[in-house]
Amino acid sequence: MLAVQNVTMRYGAKILFEDVTTTFNPGNRYGLTGPNGAGKSTFMKILAGEMEQQSGLVQRPRKMGILRQDQFAFDAYRVIDTVIMGNKGLWDALQERDAIYAKAEMSDEDGIRAAELEGVVADEDGYTAEADAAVLLDGLDIPEELHERKMSELQGGQKVRVLLAQALFGNPAALLLDEPTNHLDLESIHWLENFLNHYDGTVIVISHDRHFLNNVCTHIADIDYQTIIQYTGGYDDMVMAKTQVRSRIESENAQREKKIAQLNEFIQRFAAGTRSSQVNSRRKEVERLAPSELSRSNIQRPFIKFELKKPGGRYALEVEGVNKGYGEAGDRLEVIKGFTAMVQRGERIALMGRNGAGKTSLLNAILANAPQVTETGLKLDGGEVKWGHEASVGYFAQDFRESIPSGWTMVDWLRQFDPDATIEQIRGVLGQMLFRGEEGTKKTEVLSGGEACRLMFCKLMLQKPNILVLDEPTNHLDLEAVIALNTCLQSYPGTLLLVTHDEDLIDEVATRIWDFKDGAITDFQGAYSEYLAKA
């Protein structure tokens with residue numbers, strides 16, 4: 001059983017949640033939602049026992065799987081061992097047992113203790129631990145040749161998947177997953193969805209992937225109004241129910257206020273007359289009809305809108321025989337080989353494929369000579385890229401922090417992308433992305449990942465490009481911002497090249513698919529749903 005009773009957490013005057021009492025039942029899968037800063041990760045840490053609540057009680061099962069966020073904490077260990085560490089009791093028993101067996105001579109006490117530890121290992125399925133861990137790793141696309149490697153040798157996305165396998169290892173009674181789909185490709189996300197949907201314990205997951213939440217969650221635990229309210233169903237079901245509840249209360253309040261106004265009019269007319277009993281009756285009625293108090297929601301929705309200065313020519317981009325690889329001659333890896341495509345104005349192309357398949361590499365090659373793109377390190381190894389008439393390109397890099405230099409205020413950095421914009425207009429764009437008041441004077445080097453991401457969208461809105469190239473733009477956005485981006489891109493009149501693992505974004509935005517698989521790129525002229533139907 002995983003439950004909290006009267007749990008409170010606040011920082012100074014800011015209340016995250018207060019006197020929260022709720023239960024997370026076995027067999028249910030809960031999405032923990034709320035905007036950035038609402039307290040999702042804080043609540044998750046309280047459930048995991050990594051942070052002490054300020055008041056209240058937490059009831060936990062004996063064994064819980066927790067997705068670790070520190071990618072470097074296990075660099076000294078083998079990949080397979082890192083996964084087994086997900087069962088702490090088993091790992092500790094294995095280490096102590098091996099230390100005893102490594103002794104030159106064992107005492108009687110050592111023999112007794114070794115026998116006890118063998119019992120723990122047996123009870124925890126320790127004799128099949130490496131095989132069980134390997135199955136999890138294979139499912140998350142960590143090939144067998146990496147299982148014996150040190151974690152320090154893996155790439156960031158691979159480390160995340162190993163840590164996910166660690167959380168899933170040992171059949172824990174509850175799983176706590178904070179952004180498990182970050183850095184996962186679609187195939188790995190689908191594997192995780194299938195795994196969780198067949199998992200019989202309790203799942204609590206934080207994710208900004210609406211499609212994932214809708215596919216996995218049986219319930220949503222929403223942090224808002226300084227409390228946590230549970231809704232049945234996925235994320236879209238929660239939004240509908242939450243909106244209906246608030247709309248009903250607002251409608252009831254409007255009717256009550258209308259009735260109160262009529263009663264007060266009667267009271268004012270006859271207060272000094274002979275109808276005192278009727279006046280007193282109506283005063284009591286006014287007190288009874290007091291409107292229900294509506295707490296203020298802490299949800300903030302950004303407003304993203306990409307406009308065009310000029311529409312550009314009929315053809316936005318022509319790619320002819322493009323090659324892209326890495327390494328020196330004799331030890332060179334060719335990632336993109338002879339790719340050719342013609343992109344017309346207004347097409348919205350989603351680049352899909354497993355991590356490492358070459359999506360970002362192709363963008364780097366295409367953007368090497370792109371107009372208005374100032375990012376460094378972009379290189380075309382072979383072939384030709386021709387941009388259309390009056391093409392202007394707005395680029396959101398996967399490593400977008402490198403696009404923002406230090407030593408600037410946000411306002412001053414943004415001014416260079418539209419010299420004609422007034423300070424008020426720039427502050428207005430910052431306001432659309434939820435930067436309030438004097439936040440525009442904040443220095444670029446102190447921005448969080450989420451703030452830097454929103455600043456990049458401000459830049460693109462000021463640039464007004466007729467071609468957008470977005471490489472994993474949702475990684476640092478909360479759900480409200482992802483939905484705002486989705487809505488914006490559906491109505492964007494320019495040309496779009498988009499790398500994302502957000503399935504709703506692909507499904508609702510893309511009109512064409514470039515699918516990277518087995519060293520080749522399939523160019524499918526049609527929407528994602530049509531592509532799946534033909535796959």
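Asp-141, Arg-161, Asp-185, Glu-187 and Arg-354 are linked in a network of salt bridges (a salt bridge being a side-chain nitrogen of Lys or Arg within 4 Å of a carboxyl oxygen of Asp or Glu). The model is predicted, with local features requiring pLDDT of at least 70 and side-chain atom pairs pLDDT 80 or more, while totals for chains, interfaces and linings use all residues. Residues are numbered from 1 along each chain as its sequence is written, and side-chain values use heavy atoms, without hydrogens and water.

Arg-354 sits in the loop between β12 and α11 (359–366) and Glu-187 in helix α7 (residues 186–197), so the pair ties together parts 167 residues apart in sequence. Helices (H or I, at least four residues) and strands (E, at least two) are DSSP runs, numbered from the N terminus. Arg-354 is partly exposed, at 22% relative accessible area. Glu-187 is also partly exposed, at 45%. Buried means under 20% relative accessible area, exposed over 50%, and partly exposed in between (1.4 Å probe, protein chains only).

The structure holds 30 salt bridges. One of them joins Glu-116 and Arg-113 at 3.0 Å, N to O. Both residues belong to helix α4 (residues 108–123), three residues apart, about one turn of the helix. Glu-116 is partly exposed at 44%, and Arg-113 is partly exposed at 31%.

Glu-347 is buried, with a relative accessible area of 14%. This residue is found in the loop between β11 (333–344) and β12 (348–353).
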